[in-house]
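I opened the notebook to look up a few local details of one chain. The sequence and model come below.

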Amino acid sequence: MIAKIIKGADFEGVINYMLSKQEGKAMVLASNNIGFTDQNLCVHEFVLQASMRPNVQKPVCHTILSFSANNANQLTDDVMIKIANEYLEKMGYGDTQSLIVRHSDRQHPHLHICINRIGNDGKTISDCNEKYRSTKICRELTERYGLTLGEGKKAVNRHRLRGEDKLRYEIFDAIKTALLHSKNWKDFVADLERQGIATRFKTKGNTDVVQGIIFKKNGCSFSGSKIDRSCSFSRLNAEIERNSHKQEQIHLQNEPMVHSVDESNFITDLSEAISEVFSMPTPSNGVDVDELRFQKKLRNRANRKRRI
């Protein structure tokens, strides 16, 4: 179970979309604190309550609850109503207007909920940290009702996407493909460049400490975490380090056995290697994480040898 939250100002547009599917593809499952289910009267009630806070520019909260197709048989209308109402209560929308509509125009079961952010008491309902809270609540409800955890972006129908959503998924797919064979950041960045995606590192102040990563395609920029949580700099770095470690293990397994080592020559060679690394030019993006990591590894190995 996952939730997508969209804010807006047009109750009529959202409700018309929810109810105007072709016959049999949309069903009103429940309405809370609304006296009518007629489309026009329903819109009027939402607008009337929102008018108590005219300064709120986006009183509409359009939430889509989506479930795995694997759970289609157990998600009866009654079960979906219970899940939707529990979700609303936990999100703080228990004391306001909401309309719950089930659509059956996709393979996976899903609900559209129109919520009034102006409560029955005339106060604005806080949306602070709503995405974080929503994700946590969805996971709790998924486990409680024995549902399948979301399959994530791999299960999304790409051909239905448009605009920035389409770009985000294209970048996501390109990142996952590049990670399969990238042994270091240079490989990763070069692979994305071949796919028309530019990569930029965000650093802390005027230092070289990397704090984040940004991907750009067709004039649109997205931070890694906006693409997907698995695409944040820290998680990508961990994945690339795992790839590098695997390659090192393979290399060591294929190396011939060495029975004796001249320690003095080893330290001299290592020192020369360190000097060579420090003299390498800085890449155009200003940060070369792989080289910094390699430098540290060489220094540690040299220090260990000197202590022996």
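I began with terms: two strands pair if DSSP finds at least two bridges between them. Strands (E, at least two residues) and helices (H or I, at least four) are DSSP runs, numbered from the N terminus.

I noted that this is a predicted model, where local features need pLDDT of at least 70, side-chain atom pairs count only at pLDDT 80 or more, and totals for chains, interfaces and linings use all residues. Residues are numbered from 1 along each chain as its sequence is written, and side-chain values use heavy atoms, with hydrogens and water left out.

Entry on the strand pair. I looked up β7 (residues 210-217) and found that it pairs with β8 in the antiparallel sense, over four bridges. F215 has F222 of β8 as its bridge partner.

Entry on the faces of β8. Which residues of β8 are on the covered face? In this strand (residues 220-223) they are C220 and F222, while S221 and S223 form the uncovered face. In a regular strand the side chains alternate between the two faces of the sheet.

Entry on the hairpin. Two residues lie between β7 and β8, and N218 takes a positive phi near 50° there. N218 is not a glycine. I checked its cover: N218 is exposed, with a relative accessible area of 62%. Exposed means over 50% relative accessible area, buried under 20%, partly exposed in between (1.4 Å probe, protein chains only).

Entry on N33. I found N33 in the loop between β2 (26-32) and α2 (39-50). N33 has a positive phi of about 60°, although it is not a glycine. N33 is partly exposed, at 42% relative accessible area.
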